Structure formats: C-alpha cells, structure tokens
Amino acid sequence: MTNRWVYSFGGGGAEGDASMKNLLGGKGANLAEMSSLGLPVPPGFTISTEACNRYYADGRQYPADLAEQVAGGLAHIEKITEKTFGDAANPLLVSVRSGARASMPGMMDTVLNLGLNDQTVEGLAKLSGDRRFAFDSYRRFIQMYSNVVLGLDHHAFEEILDDHKDRLGVDVDTALTAKDWEAVVAEYKTAVERDYGKPFPQDPQEQLWGAVGAVFQSWMNDRAKFYRRMHDIPESWGTAVNIQSMVFGNLGDTSATGVAFTRNPSNGDPRLYGEFLINAQGEDVVAGIRTPQSLTKVAREEMGDRNPSMEEALPEVFAQFRDVAGTLERHYRDMQDVEFTVEQGRLWMLQTRNGKRTAKAALKVAVDMANEGLITQEEAVSRIEPSALDQLLHPTIAPDAERTVVAKGLPASPGAAVGAIVFSSEDAERRGTAGEAVILVRHETSPEDIKGMHAARGIITARGGMTSHAAVVARGWGIPCVSGAGDIAIDAKNRNFSVRGKVFNEGDTVTIDGSTGEVLAGSVKMIEPELTGDFAALMVWADKIRRLKVRANAETPLDARTARQFGAEGIGLCRTEHMFFDEHRIAAVREMILADDEAGRRTALAKIAPFQKADFVELFTIMEGLPVTIRLLDPPLHEFLPHSEEDLVAVAEATGLDAAKLMRRARELHESNPMLGHRGCRLGISYPEIYEMQVRAIIEAACEIAKSGKPAPVPEIMHPLVGKGTEMKFLRDLTDRTAKAVLSEQGLDLPYLVGTMIELPRAALRAGDLAENAEFFSFGTNDLTQTTFGISRDDAGKFLGDYVEKGIFERDPFVTLDQEGVGDLIRIAAERGRAARPDVKLGICGEHGGDPASIAFCEDVGLDYVSCSPFRVPIARLAAAQAALAKKS
C-alpha cells in the first residue's frame, strides 16, 4: 500500500482541512481550510509531518514514493496558474515554507522565489514587464537559498548590497534600478561559487529538493530544539513542508505585503492591528529590514507616522482584506494572525493561525468573545494558558515614577524591566543565567539570538516593527520589548549606544517600558499589578468550574496577604522553621540546641513560644477562618548554627554563647546526608518538647482568635517525614495531649486536625497505617520526588539538563510531577489512606502545586486541594478549572 505524503490546496478546494493540523502542520491545515472557504489562496501542496518523521527514521532519506507525489502536486499548481515549473518563457515560481503543528515563529526555514535561474529570470522579466522586479526577486532568492540550503553566511550578501548602495549614494533597496540588481546578482553568484565551491544551482528540481531537505533538517537545528524545550513541543511531531505558488508584493506601487492580527495582540483591543510594506516581500516585514507602515489610518495617527496606512494607500484592497479578516475570526472563533500579499491590486492570503498574544490580551480576547457570544464561558477559561498569567504578576512602572526618557521605539511587548545593558546574545545568556538582570540591545534580533533573548529581562532593537522577530518572540515569553528605536546608534564593537548626544556603555542600567515603547535612564520605580477587570471576570468563571481548592504556601504576613489577594482559600503549608530564623529568636533557638538536657531545652523553648504564638495569631487573623496547615519543625538542627568557624566565633561574641561549645555541638550535629538524617518528625520523637511548644503555640493562638470574636480557625497540625504508623501514633498522642491541655486551660472546645506530610515512598505504600492516626495527608512532592528518584534537587541542576536533552526525562521532575513513578505513589497513598479513613483530606504542597500539568494529575487522582507559592495561586485556580473541564469532556 502506497503511503500518502502530499495534500494539495487551491482553486477553491483542498484535500485537507483545519482538523488535520497534526498531519499537515498548522500552516498547511489552515491554507487548506481557507481554500475550502473560497478565500483567495495561491495554489500549492503540503508534504506531511509523517514524511518528515520517515525522513529521519530512514537516516535522512526521502520516502521512495515522495518524488512522484511531489510531481503531482506541482502539476496541480501548474494547472491552476497556467505556468510551468522550470519553463524559461512562462516560469512557475514557488515558496517553500516549514509548518509544524505548533507555531514556532522564526525557528525553522523558508525559501521564496524558488525556480529562478539565469533563464527563468528573463522569462519573469518579460511576463511582468518589469526587469527590475525580476532581478530583485532573483537576488532575494540567491541570498535566501544560499543561507538556508547551502549554509552560507547571509552577512556576506548584505555586505555586497551595502557596498552597492554606498557607491550609488542611496539608503533604501527600492532606489536600485534593474541594472543595479543585475550587477548585485552577478556578485552574489560569484560569492556563492567562491564560498560554496560550486556555482549557484540552476536546475529548479535540484533547488526544490534542496529546499525541502533544508526545511526537514531545520526541525532539528539548535534554535528549533531550544524552542521546543521551552514550549514542551515533542520532537516526534515533525514539521510539514508547504510548497505554494509565489505571489509578488514587490511588483510596484500597487503591490504590498503585510502581517495582521484581527485584534491587538498586546492588549486585546477589538480592532485590526498590523503592518504592511508597499513594493516588498513578506520577509521584509518580519525581518525588520524596512520599518513597516500601519494598516489603519487610526493606528497611523496614534503612532505619529506620516507614511500612508494601507487603508489610505490601497483603500479597495484594504476593504476586502478587512472583510476576509472578519470572516476568518468568526470561522475560527479566535483572534487570527494572518499574512497577506497584494499583487498589482489583487489580495492573496498566505497564512492564518490563532494569534500569539500577551496574557493581558488573551484575557481580554477570551472575556470579550464570551460576552459577544462567539464562545462560551467554559471555552474562555480553557483558552488561557495558565502559565501565561505570570506575565500579569510582575512589576510595571509606577505612574508617579520619574521618567527620564532617552529613546522611543515601538511598544512591541508590554511590561517593564530594569537591567544592565549587554550587546550580544552570548553575554545576555551568560550573565542572565548567572542571575544578573540584563537588557539585550541589538540592531535587530534573529532566531540565533533566542537563548540570549530568553535570559534577558528585556529587549531593545534599533530596527524592526511590531511583528518583527524580537516582538513576536518577546510577546510569547512575556518579556518586555521596545523595537524600532531608530534614534539609538549602536556601536557593537565598542559596546555602547548613543542617543541624543548621550552615550550608554555596556553595564549601564536602563529601564524599558514595553507598553509605551520608551527606554528610560537608570532604575525606575515599579508597582505590583492589580488583578481586576478581565482577570477578575475570568477567575470568577474558573472558580465556578473547578473542584480542587487552591491554597498557598505562606508563613509571613506578607505572603499570607498576597495569597489572599490572589484568591487563596487557605494556607496549605506554613513552614515554621522560617520563623525560627528571625533575628529576634535565633539566639534562643541556638540556646535550645546547645542545652545539655530537656530542662535546658524547655527553658530556651519558653523564650521562643511567645514569638511562635504571635506568628500564628497574625496568620489566623489574615486568613479569617480559612484552613491553615502548619508544618512542625522540619530541618536538621545544624541548619540553625553558623557553618564556618569564623561565623561561629562571631555568633558566640554577639550572643554570649560559649564558642567552644558551639563548635563542638556543630560537629556533633554534622550529618553526611542531612536530607535523610535527624530531621522532620525524628526531631519531635527525640525532642518531643520542641513539638509540644509548637502545638501549644498553635492552639493558644487559635483560642485567642476565637475569644476575640474573629472567625475561628481550624488549625491543621502537620508532622513531616513520617514513615511508619507507629511514628504517626506517637506524634498524634503528643499533639492531642498538648492540645487538650491548652483547651482545658482556656475553657474552650475548638476543632483541629492532625496529619502528616507524605515525603517518603514507605509512607505512600503504608498510607493505611498512617491514616489510622492522620486526618489529612499533604504530599510534599519536592522531597517525595527526591526520595523516589534518589536525586538531590539541590544538586540535580548539574545533570538534569542532560537527561532532558537526551530524552531520558521529558521534563524536569522537580518542575512537572513524574506521574509514572511519584504519581503512582500518590495514587497508592490516596487509595490506601481512603480505605482506612474515608474522609481523609488530601492535598499537595510541593512546587508542583503551581504547575498546570501536575494540577491536572491532582484532579485526576481526586485530591482535595493544591498549595503553591502566592504568586502562582491564580495559575493554579485557572489550571484547576481546566483540569475539571478536561475530566468532564
């Protein structure tokens, strides 16, 4: 049976549709869909993603029957266009573009004007009546093909062109004549033969297969692999190849090319947004080679641009384009990102896809479309990527901040950032990954800059528009970006830029405001975001849908208030050891550690107790009756002592403690593997007076709140690192004995719960034993992942990247829960715990509690709540709603 590798489209019909994205890639599926809708799409065909996967499976060899099917696809285009591929008099020219199922802007390769050679360029000149246009197209093709397929550096070609322009005394490409372009083409061909060792290929079939191979191979280039890792795109998806009849936006002043969004991708405003260039090809817009013009008159006026908008320069075509854009948005029921070309007054649609957008825009678009009746509230909730909400949870420039504006560009990606200037992607990556805040400054960015862009806090480019590479990538990552800041003169060699007479050197601090396009001198005051408006509306809808409760990990009043602001429904993890490190109580903690006997420890603990009680009173007050899970002391005692001899002496002098005794005790407490040492409940068993003090402080604080008339809390007292049922019974008895004594003293009867943190595989496997005395389990997935894999997360960074890179781990198990191993233990614990105690409360409090994929697992297992850092609470609320929707569907 013959495999089918090729699917054609155009001429009012198609062999595919939008549902075939996995097979045809996003671009190919949508080209087929637009063709079937009767929209003006240049005819073409798609080589499937399955062909790409077969190509790699067979050692980078094409499937045997692919050539015949490609020939059939070319015949389909030839029939509709009435042109012939390779014919000198009436040549068919094609574009060859990649198209994976997930959008990967700029990560893979494209070749335009394919089919041009020394003969067909003459035929194109005669057919078009424009020799200048024909040779402009030929030089573009030579440069693009030489870079993408032959692997030659594009800078060599740019230098040749710049030299020609300098000799002619012109600044723009459009000033070159036909003879000028012929001379450039000749020099380009000479450069190819010199650098490649062979003449530029003249056979259109050789050109075509070279381009197809380059697109397949670009699926495995470094920048594509990096992008896939960043966006969790599997390598196994492969890329499709789209081969399509060329239409020309560089065929005079009634021709143009552009990129548009049906709504504003930065803020979600429901109006057409985009850019175009007259007498240009599509690469000119996205590569930032020329600064584009606005699509609409209103946008042009807002930008203060004097060049006419498309609405003004090509009013009839613009009206048609606006109708097509509306049709596409209604058909796909989402904001569309479209590419188009106008060839001598005729509109052609080259691409549509769901547009990438900022979190702010995504919220507005989803809420607006639900209110417009285009989608349901449930669909609106499902459309927001939970992790994208991070974009809304970072500082912006304060309205009253002093702003010393040094340059103005385009507001390419919203948000604000402060950092030290760097001028290379490599420096940005090196310094950024070391924890330094840097702002990457470039003439323009290219896909090769992707690692430095990701490491930077913000990006400034001197050239390029709102849809340039820098703008699109920055918006996708939520990184502030100012593009097209033309006043900036960059001197990369001397590592500085100058603007309006002022020089900024590498390392100088600047602030960028990606929402206004401004570059500001120095570090400017920021404010925290307020989650209102569209965010609040979407959260209300999400909260109606979700089953899982969302709590926060918090132990300070600031954390607790932040958690409440973001909608937390309680505290799922209060780490009491963080309270012990406070400067006012650390001396008493150390006194307790140094004590020779229980009496000495109790004396020191009595000094800590009032602080502990006050901590809990404040937390209970802020949480207003919501559940608060308090983990009793967990880390080994040596963590509270100074680590170096010098520090030990300094502490002894400052506190009056005996230096020699401090040193001796530090040595006694030293452990080879403290993660598995004398910590957690093992401390409570060796030194029960520590846990007694903490339990007493918790219950006394609850009583104080109850007596004050405020909403009474239900404290959840959690014992860490329990592994045996007998341990849990000992700790339960200790807790109940202490709590009942306090309640008796206070004359109150307040509820409280006693439970444990499941952090050990044995605890999960013997959960039924623990549940006999534990009323809740909180899965501490940070430690459970460590103990299951036998990997220290503090050291894992040295090698986990290798495991992900080599496909051993699909994702870092400390970021996204390992559902096969750690997840199995959680399932077992849930089942066995419920069998022993049907009403046992189950939650998760590791970092995974804020990870959307892990939250979906928690919903599937039927946990009662997740707990995460305060700033991830909104992400967890949305992810929990989406998990509930997924389970229902």
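**Terms and criteria**

Guide: A search of the whole structure finds 60 salt bridges. This is a predicted model, in which local features need pLDDT of at least 70 and side-chain atom pairs count only at pLDDT 80 or more, while totals for chains, interfaces and linings use all residues. Residues are numbered from 1 along each chain as its sequence is written, and side-chain values use heavy atoms, with hydrogens and water left out.

Visitor: Why is the contact of D513 with R403 called a salt bridge?

Guide: The term requires a side-chain nitrogen of Lys or Arg within 4 Å of a carboxyl oxygen of Asp or Glu. The closest N and O atoms of D513 and R403 are 2.8 Å apart, so the pair qualifies. Strands (E, at least two residues) and helices (H or I, at least four) are DSSP runs, numbered from the N terminus.

Visitor: What makes D513 buried and R403 partly exposed?

Guide: Buried means under 20% relative accessible area, exposed means over 50%, and partly exposed lies in between (1.4 Å probe, protein chains only). D513 has 8% and is therefore buried; R403 has 31% and therefore counts as partly exposed.

Visitor: Which class does each partner have in the salt bridge of E436 with R431?

Guide: The closest N and O atoms of E436 and R431 are 2.8 Å apart. E436, at 32% relative accessibility, is partly exposed, whereas R431, at 16%, is buried.

Visitor: What do the side chains of E759 and R679 form?

Guide: They meet in a salt bridge at 3.7 Å, N to O. E759 lies in the loop between β31 (753-758) and α29 (761-765) and R679 in the loop between α25 (659-669) and α26 (681-686), so the pair ties together parts that are 80 residues apart in sequence. Both E759 and R679 are buried.

Visitor: How many cavities are there of 30 Å³ or more, and what makes a space a cavity?

Guide: The count is five. On a 1 Å grid over the protein atoms alone, a cavity is a set of points where a 1.4 Å probe fits but cannot get out, and lining residues have an atom within 4 Å of a point. Grid points are joined across faces, edges and corners, and a volume is the space filled by probe spheres set on the points. The largest cavity holds about 100 Å³. Its lining includes S95, R97, Q244 and S245, and β6 (94-100) and β8 (239-245) each supply at least two lining residues.

Visitor: Is R500 buried or exposed?

Guide: R500 counts as exposed, because its relative accessibility is 56%. R500 lies in the loop between β22 (496-499) and β23 (502-505) and has a positive phi of about 50 degrees although it is not a glycine.

Methods. 1 Å grid on protein atoms, 1.4 Å probe; cavity = no way out; pocket = protein on both sides within 12 Å on 5 of 7 lines; lining within 4 Å.
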